[in-house]
Amino acid sequence: QKVVVVGQGYVGLPVAMRAVQVGYKVVGIDVDKRRVDGLRNGVSYVEDISNEELRAAIASGNYVATDDYQDAVDFDVAVITVPTPLRESVPDLSYIEESAESLAAHLTVGSTVILESTTYPGTTEELLVPILERGSGLRSAGDFYVGYSPERIDPGNKTWGFVETPKVVSGLNAQALERVRDFYDSIVETTVPVSSPREAEMTKLLENTFRHVNIALVNELAIFANQLGVNVWESIEAASTKPFGFMKFTPGPGVGGHCLPVDPSYLSWQVRRKLGQNFRFVELANDINDHMPDYVLQRLMMLLNKQARALSGSHILLCGLSYKRDSGDIRESPSLRLIELLLEAGAIISAVDHHVETYRWPDNVRRVELDSSTLEMFDASVLVTDHTDVDYELLVSSDVPVLDTRNRLKGANVELL
Ligand code: SAJ
């Protein structure tokens with residue numbers, strides 16, 4: 001059978017590689033020509049897919065990367081894994097629309113189209129299906145099949161990879177569900193059927209909204225605990241000894257990445273647009289999490305205040321820039337907002353983060369290495385990202401004050417968020 005995967009990013013490429021592995025003929029479509037060229041040369045830019053695995057797929061003759069939808073002709077299954085970014089808090093579904101329009105031209109009787117992109121409940125039925133029907137002249141009831149299955153790819157997760165992670169599946173009707181479920185049963189260990197694409201779309205948003213809201217809770221708790229003289233980190237550690245009914249979340253300098261800051265807003269946007277109401281939990285969580293870089297700045301100013309030093313003109317070292325531990329991804333990272341605030345306050349910023357590629361390095365931030373000589377130059381440092389493979393001990397062996405936003409350090413010169 002021929003499978004087309006539209007979007008060959010950190011979600012689409014693992015789907016494509018797994019489909020090749022189990023014997024499908026796979027066409028990976030991506031509009032980014034550079035990406036396609038990279039893939040054709042056997043260079044994977046996706047963390048969990050090695051060059052060797054990609055080259056083996058190409059060598060098998062069962063994987064082709066292309067930017068030309070003509071190569072999708074006569075597909076049996078098409079999986080759409082394109083981005084759904086927020087633009088000014090409004091979901092941008094143009095990538096879904098464009099890929100659906102392009103696929104519709106190659107839709108045939110009996111083929112299946114599955115949407116994986118994160119989006120608000122109703123997108124599959126209200127947006128995807130009409131585009132496919134208009135572009136093909138076929139009917140979704142009886143001619144072809146449509147369903148939705150949220151992605152749960154967690155880059156770098158060695159325990160829960162694509163195959164091991166349960167996959168929620170849905171179909172427009174019983175036959176569609178059967179087709180969608182059969183496809184995923186052939187490539188992952190566990191499928192979880194729900195009654196319609198709406199429940200599946202909502203499942204994904206619930207998963208990440210749950211995280212976003214709970215992180216906001218411990219963030220706000222951290223702010224009050226600090227004023228109350230309570231070590232919230234200890235209380236969180238102690239609370240997580242409760243063997244049931246508690247899930248550990250930790251405060252931080254803000255919530256980054258392209259999942260958590262985005263996904264919940266799909267829900268709040270639709271509730272506002274369709275119901276004219278406010279999804280208060282999401283809006284509150286956004287406010288609190290977005291405010292954390294400002295809170296870090298305030299705490300840093302207090303730290304300098306103790307030395308009767310103004311932030312303006314001070315040399316600040318940021319340790320870690322990426323949005324989460326062990327990631328090199330700096331997109332949507334809270335450190336970017338913190339840098340903006342620090343520059344506005346007149347601070348002179350240096351940073352160390354060997355996970356972040358040079359081409360992604362933010363402007364007006366000097367790149368340094370973490371060693372004792374450079375450390376003495378700084379008036380204060382902030383631990384923003386707690387990479388596992390970094391020895392931050394150097395930070396506590398000097399008397400340069402450190403604001404630790406991740407509870408990684410122990411030392412007389414350390415203050416916890
Ligand atoms: N964060 C906190 N405190 C926490 C957890 C996270 O401040 O207790 C911050 C992180 O530093 C980061 C942001 O929130 O800036 C997001 O962290 P995340 O752990 O949610 O990582 P993401 O954004 O990579 O989320 C992905 C999601 N995966 C998918 O959407 C398929 C999420 O559902 C996963 O649970 C998460 O990975 C994971 O567990 O690694």
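**The ligand site**

Lys324 has a polar side-chain atom 3.0 Å from an oxygen atom of the ligand; a polar contact here is a pair of N or O atoms within 3.5 Å. The protein covers 84% of the 740 Å² of accessible area that the ligand has on its own, by the Shrake-Rupley method with a 1.4 Å probe.

Before I go on: this is a predicted model, where local features need pLDDT of at least 70 and side-chain atom pairs pLDDT 80 or more, while totals for chains, interfaces and linings use all residues. Residues are numbered from 1 along each chain as its sequence is written, and side-chain values use heavy atoms, without hydrogens and water.

Asn208 also places a polar side-chain atom 2.6 Å from a ligand oxygen. For Asp154, the distance from a side-chain N or O atom to an oxygen atom of the ligand is 2.9 Å.

Now the open sheet: 6 strands, order 3-2-1-4-7-8, with parallel pairing. Strands are DSSP runs of E, at least two residues, and helices are runs of H or I, at least four, numbered from the N terminus. Two strands pair if DSSP finds at least two bridges between them. Strand 3 (63–66) and strand 8 (145–148) are the edges, each pairing on one side only.

Strand 2, residues 25–29, runs parallel to strand 3 and is joined to it by 4 bridges. In this pair, Ile29 stands opposite Thr66 of strand 3.

Conventions:
A polar contact is a pair of N or O atoms within 3.5 Å; within protein, one must be able to donate a hydrogen and the other to accept it, and residues adjacent in sequence count only if both atoms are side-chain atoms.
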